[in-house]
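Visitor: I would like to learn how to read a model with two chains, feature by feature. Could you walk me through this one?

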Amino acid sequence: MALLSKKDAKLITDPLADNNPITIQVLGICSALAITAELNASLVMAVSVIFVLGVGNVVISLMRNIIPSKIRIIVQLIVVAALVIIVDLVLKAFAYELSKTLSVFIGLIITNCIIMGRFEAFALANGPWRAFLDGVGNALGYGIILIIVGFFRELLGSGTLFGIPVLGDPIAKTGLYAFGYENNGFMIMPPMALIVVGLIIWVQRSKNEALIEEN
Amino acid sequence: MGLKQNLHKLKEKYKGTKIAPAFGAFHTFLYTPNDTAKAGTHIKAADDLKRTMNIVIIALIPCLIFAMFNAGYQQYLALGEIQAVSGGFFSSEFWTMDNLIVGLWKILPLVFVSYGVGLGVEFIFATIKDHEVEEGYLVTGMLVPLIVPIDIPIWMLTVAVIFGVVIGKEVFGGTGMNVLNPALTIRAFLFFAYPTWMSGDKVWVHGAVARTNEIAAGSTADAMSGETILGSLAQGNNVIESADSIWNAFYGFIPGSVGETSTLLILLGGLFLIFTKIGSWRIMLSSVLGALVMGLIFNGVADAGIISEGSNFYGLMNTTFWHHLLIGGFAFGVVYMATDPVTGSQTNKGKWIYGFLIGFLSIMIRVFNPAYPEGVMLAILLMNVFAPTIDHYVVKANVKRRLKRLKTIKA
């Protein structure tokens, strides 16, 4: 007996590729551009969003029958805000340096369109277990892109991964730097994140026939 | 049997296969295509895309040749091995074999890499997408080596050319569809990715960076300066006041990006482009006007004492307004890159607005942002983005005007 039914498993696997919130739905781009210069930050952001969206989806799903539809957006905002504050305080307590790097962007998870999108589109109409799977799935899809982008930006932009030098020392000129290699400063800047996301979309669309649009 | 027949045979042989466009491209590049219309009522015009591109390349060749002599001249001058020119444009100190050899050695690799890599990417894309190879890269490939610093590492140029051709052009649909000028996209990429190789006071003269490294490693040799006029002015050193230095800047005996120093040759190239109706005189003229207006405004601000002499901007603000036309890459950008028919404005009125803003913004960026010493690159890229918008409103205004006229006639 499988852990998840086929239908439930699709909730997790779909957003990872064929219905990815960033590359297909083009949501949550703002934070994907802002914080992916380092892999550490990308990872923390991904985990934070997984927590907020997973728990938030369950909470909204549990309350879905008692929320008056006229004020549902406000209720959703309060739920996200509460969860985001928890994440923010945890980060400040246990990873202060990282929380400084991420600065306002943890707070801005509140405005991440993926979260409101999943609340509106899924949690309000489904039970808590399915809502949880959907939330985690979408957040994972978001996180995976963040990590891919962060990997390339940190590797090419700073020559490090998770802050550990992997290409050699740029000042002492060891490793690749001995051959005249230099870090690409453009990679650190947000415009390059947009281009990297664009390239991922390009690769994904040319691999997956179903996504190719008719002209 | 000549090359043409051979190429044609190869093309027929591989027809329908993946590499067919490659042969087709060589064929049309070297000879008139076989499949031209022979009968019927057609307007016969010689200026196809290939001819247009070739004329721009011809206009660039004097700049390239001058650049080769200048490369050696600047190096030997910085080393103190030769005297500065004293006899005008045809000074014997400048046009020497020694100077040319340095230039050939340093600049030909840039040209080969630019063409090799750029055309390679074009061929790959044509093969994958199964369309004919377009001539679009011919001019870009010549522009690129002329707008980079002479000591730029070859691998950086390779990366930048791949980036510029793929992101700047192919993703938009190839030649004729690009929003941004590909040559400037390549330069902007280099500029933001490897700023230490694209700005500062060392990279503009061959050998200066290497010498700096030697000194850092303990050598006692004299440091070489590669400071451009623009850089010195930005630091408040007034280096272009004497008539001699102005003429030198006009002739091009100054450090700078490879091929943009000689305002005289650029001017001749510009006149050639205007004469052959390839480049738009409206864009060139209005850009110059825009630059002069902005220069005058800054001169006025400096003269009125609004800005203190200690300010970061004072040096360039106080530069006599028309000197801005002679220094930096302004002239080169305006003549060869702002006039790009694909990325510039298409309407005549639009060209005036587009050009004027390029000139205006170039000088503004140049003065207000010492970190971006060459404003013309950013100004042209910015206006490339706005060109379609300008055209849209010009066309709309025209429609409105004509509707109004129609109404008055009817009434």
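Guide: Gladly! Let's begin with contacts in chain A: among those with a separation of 6 or more, residues 24 or more positions apart account for 76%. Two residues are in contact if their C-beta atoms, placed from the backbone, lie within 7 Å. This is a predicted model, in which local features need pLDDT of at least 70 and side-chain atom pairs count only at pLDDT 80 or more, while totals for chains, interfaces and linings use all residues. Residues are numbered from 1 along each chain as its sequence is written, and chains are lettered from A and ligands numbered from 1 in the order in which they are written.

Visitor: How many helices and strands are there in chain A?

Guide: Helices (H or I, at least four residues) and strands (E, at least two) are DSSP runs, numbered from the N terminus. Chain A has nine helices and two strands, in the order α-α-α-α-α-α-α-α-β-β-α along the sequence. Its C-alpha atoms fill a box of roughly 65 × 50 × 40 Å along the principal axes.

Visitor: What percentage of the residues in chain A is buried?

Guide: A residue is buried if 20 or more other C-beta atoms lie within 10 Å of its own, exposed if 12 or fewer, and partly exposed in between, with C-beta atoms placed from the backbone. In chain A, 36% of the 215 residues are buried. For chain B, the value is 46% of 411 residues.

Visitor: And what makes up chain B?

Guide: Chain B has 17 helices and zero strands. Of its contacts with a separation of 6 or more, 73% join residues 24 or more positions apart. Chain B is divided into domain 1 (50-216) and domain 2 (254-399), with bounds from an automatic or database domain assignment. The C-alpha centres of these two domains of chain B lie 21 Å apart, and their contact takes 34 residues from domain 1 and 30 residues from domain 2.

Visitor: Which element gives the largest share of the domain 1 side of that contact in chain B?

Guide: H3(B) does, with 12 residues. By class, this side of domain 1 has 26 nonpolar, seven polar and one charged residue. Here Ala, Val, Leu, Ile, Met, Phe, Trp, Tyr, Cys and Pro count as nonpolar, Asp, Glu, Lys and Arg as charged, and the others, Gly among them, as polar.

Visitor: How do I read the packing of H3(B) and H12(B)?

Guide: Two packed helices are described by the angle between their axes and the distance between the axes. Axes are lines fitted to C-alpha atoms, for helices over the stretch in contact, and angles run from 0 to 180 degrees between N-to-C directions. The axes of H3(B) and H12 (residues 263-275) of chain B come within 9 Å and cross at roughly 170°. H3(B) is therefore roughly antiparallel to H12(B), the term for angles over 145 degrees, whereas those under 35 count as roughly parallel, 65 to 115 as roughly perpendicular and the rest as oblique. The residues in this contact include Phe66(B) of H3(B) and Phe272(B) of H12(B). Its classes are 11 nonpolar, one polar and no charged.

Visitor: At what angle do H15(B) and H17(B) pack?

Guide: About 30°, with the axes 8 Å apart, so H15(B) is roughly parallel to H17(B). Among the residues that meet are Val334(B) in H15(B) and Ile380(B) in H17(B).

Visitor: Finally, how many residues link the chains?

Guide: Seven residues of chain B contact seven of chain A. H7(B) gives the most to the chain B side, three residues, and that side divides into seven nonpolar, no polar and no charged.
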